[in-house]
Amino acid sequence: MTTSSRLVRLDALRGFALLGILAVNVWAFATGYYVSGIADPARDPVIQWIVSMFFETKFYLLFSFLFGYSFTLQMNSAARAGAAFWPRMLRRHAGLMAIGSAHAVLLFHGDILTTYAVLGLVLLTLRGISPRRAVWLAVSLLLVSGVLWTLLGVLDVFTHTPIDATAVSARVAETVAAYQGTPETVVAEHLRRLPETLQLVVFVQAPSAMAMFLLGFAAGKRQVLAEPRRYRALWSWLLRAGAPIGLTGAAFYAYVVVNHPGSGAETLAMGVSILTAPLLTGAYVAALLRLFDTRVAEVFAPAGRVALSNYILQSVILGVVFTAYGFGLVGRLSYGAVVGVVLGIYAVQLVLSALWLRSHRYGPLEWLLRSVTTGRWRAVVRR
């Protein structure tokens, strides 16, 4: 199932992943309490538990896997064009870094594109690695990172110093005031939070993202998504074994995050999640590939083809809804209403993506990044 050298399954997975990314990122806009270490007094524990269990720490892994897979498509594209791969990819990652940096400062301090731009250079140096060695390196990264965080978590359980709830509440109030203030105060708040976000990225997200890059790279070299029926044993194992393990780890993570925020157990839960979340993400892929053997893939694929533009558009819309760029509704909507915002944005993106691609080859940012990558400014409108 391919269209003009583009894998529909790959696009559909990426399109579905956009929903998971949005379901997690929205809380950084909707409430000042997100990752603050104390519970939001207005929270809905059921919604928070669902998000923590099924979405948090899983969907950025799926996006990372697809990034690694797409890297092999970039290699094939450069080979077909007879272009030198290193300069081409250096331009691409510089462009990704520029887009991500603007996104982090203006819209969302939790941007993932800058991380991808840096880690992509690591993958570039490893592009000669065999699929088997890529898998072993990925598993080693996950095990080392997960075990270290789990051990730190055990230590933290016994030595943790309670959070000063009063000081954190005051900081949350300042964040909300900044988001409701002016565009300038919004940017200033993003800049203030970037250092703590960088620590999270370097010590938690980066090793897992790099591991998923490598797994995606190995899958791309084997053309796993192009010929999924050849790998039925893998999909079956992920559903029968990976899903139960992943769900168990996710349940523990969600229980701790919802019921004991800011405790030493939260560090332990992160370690458990690093070890088990990739298995649940793999189970998602296995289940979705079965679903995408039907025409359902055509619903999600257009959004996946313009995933970069949709990712940024999500932050633009959330910025308008929740910050001083627009209505400044941070902290003012119920958790149920926030879920409605998520579903509404995603539904609109599915429709707009399909309509856009009827007359355009690429999304706006895909066109820009492709032009930077190839050094050629190709027409974006179909003729």
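Thr-57, Tyr-60, Leu-61, Leu-142, Val-204, Ser-208, Met-270, Ser-273, Ile-274, Ala-277 and Pro-278 line the largest cavity. Two or more of these lining residues come from each of helix 3 (59-81), helix 8 (183-221) and helix 10 (264-291). Helix 10 gives the largest share, 5 residues.

This is a predicted model, where local features need pLDDT of at least 70, side-chain atom pairs count only at pLDDT 80 or more, and totals for chains, interfaces and linings use all residues. Residues are numbered from 1 along each chain as its sequence is written, and side-chain values use heavy atoms, without hydrogens and water.

The structure holds 2 cavities of 30 Å³ or more. A cavity is a set of points, on a 1 Å grid over the protein atoms alone, where a 1.4 Å probe fits but cannot get out; lining residues have an atom within 4 Å of a point.

| Cavity | Volume | Lining by class |
|---|---|---|
| Largest | about 60 Å³ | 8 nonpolar, 3 polar, no charged |

Now helix 14. It spans residues 364-374, and its buried residues are Leu-365, Glu-366, Leu-369, Ser-371 and Thr-373. Buried means under 20% relative accessible area (1.4 Å probe, protein chains only). These residues pack against helix 3, helix 4 (85-106), helix 11 (297-305) and helix 12 (307-322); contact means heavy atoms within 4.5 Å.

How values were computed. On a 1 Å grid over the protein atoms alone, a cavity is a set of points where a 1.4 Å probe fits but cannot get out, and a pocket is an open set with protein on both sides within 12 Å along at least five of seven lines; lining residues have an atom within 4 Å of a point. Grid points are joined across faces, edges and corners, and a volume is the space filled by probe spheres set on the points. Helices (H or I, at least four residues) and strands (E, at least two) are DSSP runs, numbered from the N terminus. Ala, Val, Leu, Ile, Met, Phe, Trp, Tyr, Cys and Pro count as nonpolar, Asp, Glu, Lys and Arg as charged, and the others, Gly among them, as polar. Buried means under 20% relative accessible area, exposed over 50%, partly exposed in between (1.4 Å probe, protein chains only).
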